[in-house]
Protein chains: 2
Amino acid sequence: MSDMSQPREPRPAISQADYQRLSEFRYLIRRFLEFSQVQAEDAGLTPRQHQALLAIKGFPGGGPVTVGDLAERLRIR
Amino acid sequence: MSDMSQPREPRPAISQADYQRLSEFRYLIRRFLEFSQVQAEDAGLTPRQHQALLAIKGFPGGGPVTVGDLAERLRIR
């Protein structure tokens with residue numbers, strides 16, 4: 001993930017097609033997050049509860065999950 | 001997007017690998033959204049301003065964008 005936290009210089013040119021793809025990607029992320037939130041709420045969970053359960057159930061390696069692991073996976077600072 | 005708003009019954013079985021992939025996907029979305037937010041703020045924009053600009057710049061078809069279009073793309077209710 002170092003590419004995401006430390007962008008290289010100089011930045012590459014961004015085409016109009018890139019903007020459209022990125023815009024569409026963000027729109028679809030919004031739709032997905034909304035969908036997931038509604039489904040969680042229908043199941044009686046807050047979105048945060050749902051994500052905590054998913055992070056534990058789907059933790060890489062399947063081992064015991066510490067509070068620190070969970071905080072990182074949920075990106076809780 | 002009707003698949004996302006109207007899930008079919010019965011639901012397919014979800015494997016442990018599916019949970020891990022979904023958990024990873026959500027983690028990477030969180031990292032990406034954080035990255036984007038920090039970059040926007042470094043450029044003097046709020047995340048909402050950044051997303052509004054991107055939605056306009058990358059609007060499909062490239063035509064004039066109405067307030068209603070923008071609200072839909074940003075999923076503002």
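Reply: Let's start with Glu34(B), which is buried at a relative accessible area of 16%. Buried here means under 20% relative accessible area, exposed means over 50%, and partly exposed is what lies in between (1.4 Å probe, protein chains only). Before we go on, please keep in mind that this is a predicted model, in which local features need pLDDT of at least 70 and side-chain atom pairs count only at pLDDT 80 or more, while totals for chains, interfaces and linings use all residues.

Now to the partner. The side chain of Glu34(B) forms a salt bridge with that of Arg75(A), at 2.9 Å from N to O. Glu34(B) sits in helix H2 of chain B and Arg75(A) in the segment after H4 of chain A, so this pair links two chains. A salt bridge is counted when a side-chain nitrogen of Lys or Arg is within 4 Å of a carboxyl oxygen of Asp or Glu. In general, side chains of opposite charge can pair when their charged atoms come close. The helices are DSSP runs (H or I, at least four residues), as strands are (E, at least two), and both are numbered from the N terminus.

Leaving aside residues up to four places away in sequence, Arg75(A) touches Tyr27(B), Arg30(B), Arg31(B) and Glu34(B), where contact means heavy atoms within 4.5 Å. Within chain A, the side chain of Arg75(A) also makes a polar contact of 2.8 Å with that of Glu72(A). A polar contact is a pair of N or O atoms within 3.5 Å; within protein, one of them must be able to donate a hydrogen and the other to accept it, and residues adjacent in sequence count only if both atoms are side-chain atoms. The backbone of Arg75(A) deserves a glance too: its phi is near 55°, a positive value in a residue other than glycine.

Glu72(A) leads us back to chain B. Its side chain meets that of Arg31(B) in a salt bridge of 3.9 Å, N to O. Arg31(B) belongs to helix H2 of chain B and Glu72(A) to helix H4 (residues 67-74) of chain A, so this pair also joins two chains. Arg31(B) is buried, with a relative accessible area of 17%, whereas Glu72(A) is partly exposed at 32%.

Next, look at Arg75(B), found in the segment after H4 of chain B. Its phi is near 55°, again a positive value in a residue other than glycine. The side chains of Arg75(B) and Glu72(B) form a salt bridge at 2.8 Å, N to O. Glu72(B) counts as partly exposed at 33% relative accessibility, and Arg75(B) likewise at 21%. Through salt bridges that share partners, Glu72(B) and Arg75(B) join Arg31(A) and Glu34(A) in one network.

Let's step back to the interface. Chain B and chain A have six salt bridges between them, out of ten in the structure over all chains. There are also 14 residue pairs in polar contact across this interface, both residues being at pLDDT 80 or more. On the chain B side, the elements that give two or more residues are helices H1 (2-5), H2 (16-42), H3 (47-57) and H4 (67-74). The largest share, 19 residues, comes from H2(B). By type, the chain B side divides into 17 nonpolar, ten polar and eleven charged residues. Ala, Val, Leu, Ile, Met, Phe, Trp, Tyr, Cys and Pro count as nonpolar, Asp, Glu, Lys and Arg as charged, and the others, including Gly, as polar.

The contact takes 38 residues from chain B and 38 residues from chain A. Together the two chains bury about 3,800 Å², with 55% of it on carbon and sulfur atoms. Buried area is the accessible area (1.4 Å probe) that two parts lose on being put together, summed over both.

Notes: Residues are numbered from 1 along each chain as its sequence is written. Chains are lettered from A and ligands numbered from 1 in the order in which they are written. Side-chain values use heavy atoms; hydrogens and water are left out.
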